[in-house]
2 protein chains.
Amino acid sequence: MSRLDSMIRRLTTQRASLDWAMAEIAGLPGPVLEFGLGNGRSYDHLREHLPGRDIFVFDRQVGAHPDCVPPADRLILGDFRDTAPAAAHRFAGQAALIHADVGSGDHAASRALAAGLAPHWATMLTPGGLLIADQPTAGDGLEVLPLPEGSPGRYFICRRPR
Amino acid sequence: MSRLDSMIRRLTTQRASLDWAMAEIAGLPGPVLEFGLGNGRSYDHLREHLPGRDIFVFDRQVGAHPDCVPPADRLILGDFRDTAPAAAHRFAGQAALIHADVGSGDHAASRALAAGLAPHWATMLTPGGLLIADQPTAGDGLEVLPLPEGSPGRYFICRRPR
């Protein structure tokens, strides 16, 4: 599979997962948290489909298209390992949806990073809240769910039990 | 449409156009030229599907994933406006396929760049050769063809008449 094929698979699955999750949390109050702004594509997708929802975004630095930079009071900059503990305290039991797109080219480092953040993400979720991630995030009391239909790539969905 | 939707459309159409073109030139000798290496996704797609074909790549600088950098003798670095005239001389009437992905965030500049390069591309093509581009490239004696089926985005296909 070429890198072009691979990118199309990844983005298609990311979108299918986010679309499914946004419909799923329609009746569930709470903010949406995104870990990994990147170039702002998925943030743009979330804010377009969730106009009334608070969306807080975490990243090391801003590398997004200027149109896709969150407002300053919704943007938490810094290494995830430094910002996640305070965020877990601030958003404990509140988040309806967390989208974590934290992978880099380094496969092992990406896995380790997600494994270290997963307990904080579990803490942030409201009962019934969803975690959509580009890395495996089983454990921490979360229920692992299957990907929605039409998802050719690798993505991971968990729910905090009610 | 979100930037995530837009990216999926663009890549899906790019792949459909390249897949169609690669099948179309199966019996047509000549090198493949790519203007715009970018991160190397489409170059990786071309070389995977055209193992016996010479592929020459033009870009201002190398920004691709290390796995997707062409060999030094197949890589022509520099501003397209500087490298295209010499390439038109070197490859005159030879190229079976040109893939031009030269757009940037600046819409008007992208159009102007492609318009300036189009006559050179037309010169490089062998009779029956195809130009697949992310910018409109009508004129210059090329025949404009429709996009293949299943192409939701904007891409442009031309053929040099035989």
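1. How many residues does the contact take from chain A and from chain B? The answer is 19 residues from chain A and 19 residues from chain B. Please keep in mind as you read that this is a predicted model.

2. Let's stay with the interface for a moment. The size of an interface is often given as the accessible area lost when the parts come together. For chain A and chain B, that buried area is about 1900 Å², and 60% of it lies on carbon and sulfur atoms.

3. Charged and polar groups also take part. Between chain A and chain B there are 4 salt bridges. One to look up in the viewer joins Arg15(A) to Asp5(B), where the closest N and O atoms are 2.8 Å apart. Across the interface, 12 residue pairs are in polar contact.

4. Which elements of chain A give two or more residues to the side that touches chain B? They are α1 (3–24) and α2 (41–49) of chain A. Of these, α1(A) gives the most, with 10 residues. Sorted by class, the side of chain A that touches chain B has 7 nonpolar, 5 polar and 7 charged residues.

5. Now turn to the sheet of chain A. Here 7 strands form an open sheet with mixed pairing, and their order is β3-β2-β1-β4-β5-β7-β6. The edge strands of chain A are β3 (75–77) and β6, each of which pairs on one side only. From one strand to the next, the twist averages 20 degrees.

6. What does mixed pairing look like in practice? Strands of a sheet pair through backbone hydrogen bonds, either parallel or antiparallel. In chain A, β1 (residues 32–35) runs parallel to β4(A), and 4 bridges join them. Within this pair, Leu33(A) stands opposite Ile98(A).

7. For antiparallel examples, follow β7 (residues 156–159) of chain A. This strand is joined to β5 (residues 125–133) of chain A by 4 bridges, and the two run antiparallel. Leu130(A) has Arg159(A) as its bridge partner in β7(A). Strand β6 (residues 143–145) of chain A is also antiparallel to β7(A), with 3 bridges; there, Val144(A) is partnered by Cys158(A).

8. A search of the whole structure finds 18 salt bridges over all chains. One that lies within chain A brings together the side chains of Arg10(A) and Asp101(A), at 3.8 Å from N to O. This pair links distant parts of the chain: Arg10(A) is in helix α1, while Asp101(A) is in the loop between β4 (95–100) and α4 (107–124), 91 residues apart.

9. Finally, have a look at chain B. Its 7 strands form an open sheet in the order β3-β2-β1-β4-β5-β7-β6, with mixed pairing. Why is one side of β3 (75–77) and of β6 (143–145) of chain B left without a neighbour in the sheet? These strands stand at the edges, and each has a single partner strand. In chain B, β1 (residues 32–35) pairs with β4 (residues 95–100) in the parallel sense over 4 bridges, and Glu34(B) has His99(B) as its bridge partner. Helix α4 (residues 107–124) of chain B lies across β1, β4 and β5 of chain B, at about 140 degrees to β5(B).

How values were computed
Residues are numbered from 1 along each chain as its sequence is written. Chains are lettered from A and ligands numbered from 1 in the order in which they are written. This is a predicted model: local features need pLDDT of at least 70, side-chain atom pairs count only at pLDDT 80 or more; totals for chains, interfaces and linings use all residues. Side-chain values use heavy atoms; hydrogens and water are left out. Contact means heavy atoms within 4.5 Å. Buried area is the accessible area (1.4 Å probe) that two parts lose on being put together, summed over both. A polar contact is a pair of N or O atoms within 3.5 Å; within protein, one must be able to donate a hydrogen and the other to accept it, and residues adjacent in sequence count only if both atoms are side-chain atoms. Ala, Val, Leu, Ile, Met, Phe, Trp, Tyr, Cys and Pro count as nonpolar, Asp, Glu, Lys and Arg as charged, and the others, Gly among them, as polar. Two strands pair if DSSP finds at least two bridges between them. Axes are lines fitted to C-alpha atoms, for helices over the stretch in contact, and angles run from 0 to 180 degrees between N-to-C directions.
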